[in-house]
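Visitor: I am new to this structure. Please show me how to read its features one at a time.

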Amino acid sequence: MLLSRLLLALAAGLCLYAYLGYPAILKLLAVLRPSPRSRRLRQAASLPRISIALPVYNEANVIAGTLEGILAVDYPADRRQILVVSDACTDRTEEIVSSFADRGVELLRLARRQGKTAAENAARRYLTGEFIINTDASVRIHPDAVKHLIAAFDNPSVGVASARDVSVTHLEDRAISGEGTYVGYEMWIRDMETAVGGIVGASGCLYAIRAELHRHPVPEGLSRDFAAALTAREHGWRAVSVPEALCYVPRGTSLRQEYRRKVRTITRGVATLGHKRALLNPLRYGAFAWMLLSHKVCRWLVPWSLLSFLAALAALALTSGWARALLAVVGAVGALAAIAWVWPERRPLPRLLALPAYIVAGNVAVLDALLRVVGGRPAPVWAPTRRGTPALPSS
């Protein structure tokens with residue numbers, strides 16, 4: 001029983017550290033540091049040239065609205081390049097993009113489908129801006145967001161500026177509410193990491209990067225948005241979160257779809273960190289190495305800790321009433337998640353099921369992704385998450 005209690009304590013300790021202890025330490029460190037001065041947006045005449053890169057695959061249903069949103073961004077047209085990169089689309093996406101040519105939208109078509117990172121790599125030679133804005137077809141950008149991202153680079157230590165993801169409900173109101181809670185938590189963590197030294201990963205929905213950093217190659221099997229923050233740190237720059245740069249991200253409407261997305265992103269994330277593993281050396285990278293270990297590695301170890309926790313709890317339940325009660329609670333959460341998994345996708349998911357489902361599915365996705373990496377299996381081919389059009393908050 002002593003061994004079971006020790007295993008239970010260690011497993012619970014890792015989980016609590018990853019989601020509560022690490023943020024608490026960040027908060028303490030952030031309080032001890034002076035608050036950064038507010039950024040001033042530049043006047044139009046002093047704004048640098050930017051390139052907005054948008055990789056797409058079969059986005060005919062949303063691409064027109066996405067491009068209208070990008071064209072509405074408050075940034076001078078003569079200092080802005082918009083390049084859509086088609087990952088060998090097979091629907092009407094390219095035809096729709098071409099109809100925006102007279103409004104300054106450029107199209108680059110890849111001959112064969114290779115995935116998001118390959119599309120971003122292919123675009124590099126065509127990008128002319130001093131700063132590259134990377135975004136996604138499924139999101140909507142606040143008109144002032146790009147100016148706020150660019151303002152962050154007035155600090156010469158900044159190499160990457162990441163937007164604040166705002167989780168909004170899908171127009172059909174069938175969203176996974178647990179996803180919105182998690183996104184808000186992640187943005188809070190990024191704000192504190194920024195105050196301490198810098199974030200360990202940028203938002204794939206919207207981030208800006210110095211052109212000289214963006215030119216560094218990223219292998220096709222890796223995640224470029226995660227690698228952007230790591231590459232910046234390697235070259236002596238910081239990646240920061242910019243709370244004023246709002247990017248509206250519609251919540252997923254399918255638990256299975258969200259699961260597949262997580263498996264793909266985590267598989268690529270683990271591979272990316274493996275490629276950049278030198279950044280985990282605290283003797284060379286100090287606090288950044290600790291943040292990278294805490295935010296990424298500890299999170300990825302949580303599912304394994306939960307399995308250990310369940311095994312220890314089951315052993316203790318043979319003789320302890322409190323262990324049986326706790327095991328029953330865990331079983332109830334698992335049952336709710338299982339019901340959510342088989343819930344008809346066309347029917348709204350009740351709130352009682354949403355959060356347990358999101359937590360359980362997220363941890364199982366981590367296990368799936370790590371087993372893929374250990375087994376040498378590649379990440380699933382990039383397929384954009386079909387989230388629909390976000391219902392933007394009224395201004």
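Guide: The buried residues of helix α11 are Ala323, Ala337 and Ala340. They lie on the same side of α11, because they cover an arc of only 110° around the axis. The arc is that of the directions from the helix axis to the C-beta atoms. Buried means under 20% relative accessible area, exposed means over 50%, and partly exposed is in between (1.4 Å probe, protein chains only).

Visitor: What kind of model is this, and how are residues numbered?

Guide: This is a predicted model, in which local features need pLDDT of at least 70 and side-chain atom pairs count only at pLDDT 80 or more, while totals for chains, interfaces and linings use all residues. Residues are numbered from 1 along each chain as its sequence is written, and side-chain values use heavy atoms, with hydrogens and water left out.

Visitor: Which span is expected for α11?

Guide: Helices (H or I, at least four residues) and strands (E, at least two) are DSSP runs, numbered from the N terminus. The expected span of a helix is 1.5 Å times one less than its number of residues. Helix α11 (residues 321-342) has 22 residues, and its first and last C-alpha atoms are 32 Å apart, close to the expected 32 Å.

Visitor: Where is Gly334, and how far is its C-alpha from that of Ala357?

Guide: Gly334 is in helix α11. With a relative accessible area of 33%, Gly334 is partly exposed.

Visitor: At what angle do the axes of α1 and α10 cross?

Guide: Axes are lines fitted to C-alpha atoms, for helices over the stretch in contact, and angles run from 0 to 180 degrees between N-to-C directions. Angles under 35 degrees count as roughly parallel, over 145 as roughly antiparallel, 65 to 115 as roughly perpendicular and the rest as oblique. The axes of α1 (residues 2-32) and α10 (residues 282-316) cross at roughly 150° and come within 7 Å. That makes α1 roughly antiparallel to α10. The residues of this contact comprise 24 nonpolar, five polar and two charged (Ala, Val, Leu, Ile, Met, Phe, Trp, Tyr, Cys and Pro count as nonpolar, Asp, Glu, Lys and Arg as charged, and the others, Gly among them, as polar).

Visitor: Where is Met1, and is it buried or exposed?

Guide: Met1 is in the segment before α1. Met1 is exposed, at 51% relative accessible area. Met1 and Ala312 are 311 residues apart in sequence, yet their C-alpha atoms are 8.8 Å apart.

Visitor: How many residues of α9 are buried?

Guide: In α9, 15 of the 21 residues are buried, so this helix is largely enclosed by the rest of the structure. The axes of α9 and α10 come within 12 Å and cross at roughly 130°. The two helices are therefore oblique to each other.
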